[in-house]
Amino acid sequence: MREIKYAEALREALAEEMRRDERVFVFGEDVELGYAFTVCKGLIDEFGPERVFDTPICEQTIVGVAVGSSMMGMRPVPEIQFCDLLPLCMDQICNQAAKLRYMSGGQVSFPLVVRSPAGRWGGFAAQHSQTLDAWFMNVPGLKVAVPATPYDAKGLLKAAIRDEDPVLFIERKLLYQIPGPVPEEEYIVSFGEARTHREGSDLTIVAIGRMVGIALEASEVLEREGVTATVLDPRTLIPLDKKAILESVTKTHRAVIVEEGPKTGGVGGEIAALIAEEVLDSLDAPIRRIAALDAPIPFNSALEDSVFPNAHRVVEVVRDLMSF
């Protein structure tokens, strides 16, 4: 199978869906030239300025146009250059797109996909390095996808564009240039279906987004010490594949959750609560969460390193867990 980068996989998904359905269009800040992370680069050459166009620097307007046009039957895919700017669009995303299908008794739907990169990039500091996945898990009516590989990035984005409900598609900056196997033939990755990247019998590591690679790196170190870990990627946070998580933890009897966002109020807390509520009796040790520190992301690279989880930290936590 050929290998392409995460950003290329996303671009292929956009192009294929735009060819399949003329109602799909892309817009945002600098998308005509493919900035800021090259995902949209070259799309204007094939689809023209009516379906790929730049907007003013006004995130509220970008998502507002998406909400209105989706209500009228279009399938917009706006790009918000950094997820740190999504709070500017909270009313459009959370109060309008996520609610109006329910409030209209199902008379209208909002098939829009807001794409936005999150997480560490390297020296982008406190206002351009955040991971806000957990904020949007708390919004009924909104689906949330966080792809970790090029394969999932393409398959999930195609599924998101075909969905009748609004989707927040949260990508990861440090994954854009990472290659991985992606089929040339048509495929879709369904929402709500977790992916097991590695099977092990001693514990389950539930890893979100870029943390999947960190968990796999850590699991290789642990295997040399005689500890085998299952690495499970939910792929979508809403809907969450609760069945896969619970079945895996029931088999391994230990659980660690790794995410790039802050620990307090994070995704890990929700998954830990799920495990505790449903399969507490199967656990041989406390559930552990590994996350970014509850701190603004520093500009200084050494300080930035200290904030985010890494493989060494995962190994240390697992060693402690196994000694319980």
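Helices here are DSSP runs of H or I with at least four residues, numbered from the N terminus. The model is a predicted one.

**Second largest pocket**

By that numbering, helix 9 gives the most to the lining of the second largest pocket, with five residues. Two elements give two or more residues to this lining: strand 11 (229-233) and helix 9 (242-252). The residues that line the second largest pocket are Thr-196, Glu-199, Gly-200, Ser-201, Thr-230, Leu-232, Ala-244, Glu-247, Ser-248, Lys-251 and Thr-252.

**Largest pocket**

A total of 22 residues line the largest pocket, and Gln-130, Thr-131, Leu-132, Gly-261 and Pro-262 are the ones that lie nearest its centre. Helix 6 (133-137) and strand 13 (255-262) are the elements that give two or more residues to this lining. Which element gives the most to the lining of the largest pocket? Strand 13 does, with four residues.

**Volumes and residue classes**

| Pocket | Volume | Lining by class |
|---|---|---|
| Largest pocket | about 260 Å³ | 12 nonpolar, seven polar and three charged residues |
| Second largest pocket | about 190 Å³ | two nonpolar, six polar and three charged residues |

In the largest pocket, then, 12 lining residues are nonpolar and seven are polar. In the second largest pocket, two lining residues are nonpolar and six are polar. Gly counts as polar in this scheme.

Technical notes: Residues are numbered from 1 along each chain as its sequence is written. This is a predicted model: local features need pLDDT of at least 70, side-chain atom pairs count only at pLDDT 80 or more; totals for chains, interfaces and linings use all residues. Side-chain values use heavy atoms; hydrogens and water are left out. On a 1 Å grid over the protein atoms alone, a cavity is a set of points where a 1.4 Å probe fits but cannot get out, and a pocket is an open set with protein on both sides within 12 Å along at least five of seven lines; lining residues have an atom within 4 Å of a point. Grid points are joined across faces, edges and corners, and a volume is the space filled by probe spheres set on the points.
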